[in-house]
Amino acid sequence: MSLTHNLLALSTTTPTMLTATAAQEGDYGRELTIAIQNLHSSHFVFLGSSTVSTSSYGFRLDPGQTFTA
């Protein structure tokens, strides 16, 4: 089993959709783990649907926080 990771710089104004492609899932699709880290020292990361905003989101990551699913 191999470990794959991506580092992305997200927009401060436009939602960015993140997906796990079939190639990334491979034979281990059922064991896929996603971790999102907010590495910024003062900005928040908002996780949610394609209409995510600072007032409509599922999870808010404070600076230094990590979300794992």
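**Close-up views of a predicted protein model**

**Figure 1. Aromatic ring pairs in the predicted model.** The count comes to 3 aromatic pairs, where rings of Phe, Tyr and Trp (its six-membered ring) pair if their centres lie within 6.5 Å, and planes under 30 degrees apart count as stacked, over 60 as edge-to-face and the rest as tilted. The rings of F46 and Y57 form a tilted pair, because their centres are 4.9 Å apart and their planes stand at 55°. F59 is partly exposed at 48%, and F67 is partly exposed at 23%. Ring pairs also join F44, F46 and Y57 into a cluster.

The model is predicted, so local features need pLDDT of at least 70 and side-chain atom pairs count only at pLDDT 80 or more, while totals for chains, interfaces and linings use all residues. Residues are numbered from 1 along each chain as its sequence is written, and side-chain values use heavy atoms, with hydrogens and water left out.

Figure 2. How many salt bridges does a search of the whole structure find? The search finds 1 salt bridge, defined as a side-chain nitrogen of Lys or Arg within 4 Å of a carboxyl oxygen of Asp or Glu. The side chains of D62 and R60 meet in this bridge at 2.9 Å, N to O. Side chains of opposite charge can pair when their charged atoms come close. D62 is partly exposed at 27% relative accessibility, and R60 is partly exposed at 37%.

Figure 3. N38 sits in the loop between strand 1 (35–37) and strand 2 (45–47); strands (E, at least two residues) and helices (H or I, at least four) are DSSP runs, numbered from the N terminus. Is N38 buried or exposed? N38 is buried, with a relative accessible area of 4%. The side chain of N38 reaches the backbone oxygen of H43 at 2.7 Å. Leaving aside residues up to four places away in sequence, N38 touches H43, F44, V45, L61, D62, P63, G64 and Q65, a contact being heavy atoms within 4.5 Å.

**Figure 4. T14 and the segment before helix 1.** T14 belongs to the segment before helix 1 (22–25). At 49% relative accessibility, T14 is partly exposed. The C-alpha atoms of T14 and S50 are separated by 9.7 Å, and the two residues are 36 residues apart along the chain.

**Figure 5. The whole chain and its confidence.** The protein has 1 helix and 4 strands, following the pattern α-β-β-β-β along the sequence. Of the 69 residues, 9% are buried. The average pLDDT (the predictor's confidence in each residue, from 0 to 100) is 80, and 78% of the residues score at least 70. Confidence is lowest in helix 1, at a mean of 52, and highest in strand 3 (residues 59–61), at 94.

Technical notes. Buried means under 20% relative accessible area, exposed over 50%, partly exposed in between (1.4 Å probe, protein chains only). A polar contact is a pair of N or O atoms within 3.5 Å; within protein, one must be able to donate a hydrogen and the other to accept it, and residues adjacent in sequence count only if both atoms are side-chain atoms.
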